[in-house]
Amino acid sequence: MNQTKKQENILLGIWGIAIIATAGSLFYSEVMGYEPCELCWYQRILMYPLIVIYGTAILKKNISIALPGLIMSGIGMCVSTYHYLIQKLPALSETGGACGLVPCNFQYVNYFGFITIPFLAGTAFILIFVLHILLIKQARGK
């Protein structure tokens, strides 16, 4: 497999992760009826455009188009981590109660005692960020 095929596969993987994360957030809000808190909205603002950014990079076969995705996923990692800490650390959970109509410390789901919605979003952001770094290394390795 040549380098450009590897890069294309990484881009497709990133794009797929963004689609799955977006579909998951829409499932929780539109199907399950979970109203997003303020921090969830920020994470959505950072995740949803990644579908368009990475999709465009795939169609145009131009990795540099996807650079905003690296920045947005990096910011998304920070927001998701902060949100998760608000949910899981008692010292920070008080700040999450004043987040808006839906408190940011409220946990709609808590699979296995640690997997919450911000955890899922954070995992997607981390995967996208790491894969994008790999993409950059692949491009420089030409």
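**Stop 1: the largest pocket**

Select H1 to begin: this helix gives the largest share of the lining of the largest pocket, nine residues. The model is predicted, local features require pLDDT of at least 70, side-chain atom pairs count only at pLDDT 80 or more, and totals for chains, interfaces and linings use all residues. Residues are numbered from 1 along each chain as its sequence is written, and side-chain values use heavy atoms, with hydrogens and water left out.

Helices here are DSSP runs of H or I with at least four residues, numbered from the N terminus. The space in this pocket is about 500 Å³. Of its 34 lining residues, Ala21, Ser25, Tyr28, Ile117 and Ala121 are the closest to the centre. A pocket is an open set of points on a 1 Å grid over the protein atoms alone where a 1.4 Å probe fits, with protein on both sides within 12 Å along at least five of seven lines; lining residues have an atom within 4 Å of a point. The volume is the space filled by probe spheres set on the points, which are joined across faces, edges and corners.

**Stop 2: aromatic rings**

The model has six aromatic pairs, counted where ring centres of Phe, Tyr or Trp (its six-membered ring) lie within 6.5 Å; planes under 30 degrees apart are stacked, over 60 edge-to-face, and the rest tilted. Select Tyr84 and Phe119, a tilted pair at 5.5 Å centre to centre with 50° between the planes. Tyr84 belongs to helix H3 and Phe119 to helix H5, so the pair ties together parts 35 residues apart in sequence. Tyr84 is buried at 19% relative accessibility, whereas Phe119 is partly exposed at 28%; buried means under 20% relative accessible area, exposed over 50%, and partly exposed in between (1.4 Å probe, protein chains only).

Move to Phe106 and Tyr108, an edge-to-face pair at 4.9 Å centre to centre and 85° between the planes. Phe106 is partly exposed at 43%, as is Tyr108 at 30%.

**Stop 3: helix H5**

Which residues of H5 are buried? Select Ile117, Pro118, Ala121, Gly122, Ala124, Phe125, Ile128, His132 and Leu135 to display them.

Conventions:
Helices (H or I, at least four residues) and strands (E, at least two) are DSSP runs, numbered from the N terminus.
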